[in-house]
Amino acid sequence: TGIYLWLMGKKQVRFYVIGYGFYFIGVLLNNLLFYRQIEANFFTIHGGEIGIFLEAFFLSLALGDKYRTEK
């Protein structure tokens with residue numbers, strides 16, 4: 001839904017889509033490592049943590065954007 005709304009011109013959802021995209025990629029890397037589909041390195045071991053950090057960062061940007069547009 002977020003991608004659809006972003007493509008329809010709603011610029012407010014861009015931070016949500018990017019944030020959840022990073023979270024999805026981080027969890028995907030973590031799961032691929034768990035099932036031994038990819039080799040272990042820093043990004044695959046800490047993929048979930050990095051994804052959650054980037055998600056929180058982009059959601060805070062979304063909150064700031066919402067505050068700025070409401071003001």
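M8 lies in the loop between helices α1 (2–7) and α2, where helices (H or I, at least four residues) are DSSP runs numbered from the N terminus. At 55% relative accessibility, M8 counts as exposed; here buried means under 20% relative accessible area, exposed over 50%, and partly exposed in between, with a 1.4 Å probe and protein chains only. M8 and S60 are 52 residues apart in sequence, and their C-alpha atoms are 23 Å apart in space. The model described here is predicted, so local features need pLDDT of at least 70 and side-chain atom pairs count only at pLDDT 80 or more, while totals for chains, interfaces and linings use all residues. Residues are numbered from 1 along each chain as its sequence is written, and side-chain values use heavy atoms, with hydrogens and water left out.

Helix α2 comes next. With 21 residues, α2 reaches 30 Å from its first C-alpha to its last, close to the 30 Å expected at 1.5 Å a residue; the expected span is 1.5 Å times one less than the number of residues. F15, V17, G19, G26 and L33 are buried in α2. The buried residues of this helix pack against α1, α3 (42–45) and α4, contact being defined as heavy atoms within 4.5 Å.

Helix α2 gives the most to the nonpolar patch, with three residues. I52, in contrast, has its place in helix α4, and with a relative accessible area of 45% I52 is partly exposed.

Just after α2, R36 takes a positive phi of about 55 degrees, although R36 is not a glycine. R36 belongs to the loop between α2 and α3 and, at 76% relative accessibility, counts as exposed.

Aromatic contacts were examined next. A search of the whole structure finds four aromatic pairs; rings of Phe, Tyr and Trp (its six-membered ring) pair if their centres lie within 6.5 Å, with planes under 30 degrees apart counted as stacked, over 60 as edge-to-face and the rest as tilted. One of these pairs joins F22 and F58, whose ring centres are 5.6 Å apart and whose planes meet at 20 degrees, so the pair is stacked. F22 lies in helix α2 (residues 14–34) and F58 in helix α4 (residues 47–70), so this pair ties together parts that are 36 residues apart in sequence. F22 is partly exposed, with a relative accessible area of 33%, whereas F58 is buried at 16%. F34 and Y35 form an edge-to-face aromatic pair, 5.0 Å centre to centre and with 80 degrees between the planes. Both F34 and Y35 are exposed. Ring pairs also link F22, F57 and F58 into a cluster.

Side chains of opposite charge can pair when their charged atoms come close. The search of the whole structure finds two salt bridges, each defined by a side-chain nitrogen of Lys or Arg within 4 Å of a carboxyl oxygen of Asp or Glu. R68 forms a salt bridge with D65, with the closest N and O atoms 2.4 Å apart. E70 forms a salt bridge with K66, and here the closest N and O atoms are 3.5 Å apart. R68 and D65 are three residues apart in α4 and are thus separated by about one helical turn; E70 and K66, four residues apart in α4, are also separated by about one helical turn. An α-helix has 3.6 residues a turn, so residues three or four places apart point the same way.

R68 is exposed, with a relative accessible area of 54%, while D65 is buried at 8%. E70 is exposed at 57%, and K66 is partly exposed at 47%. Leaving aside its neighbours within four places in sequence, D65 is in contact with Q12, R14 and F15; of these, F15 is among the buried residues of α2.

Methods. Helix = DSSP H or I, 4+ residues; strand = E, 2+ residues; numbered from the N terminus.
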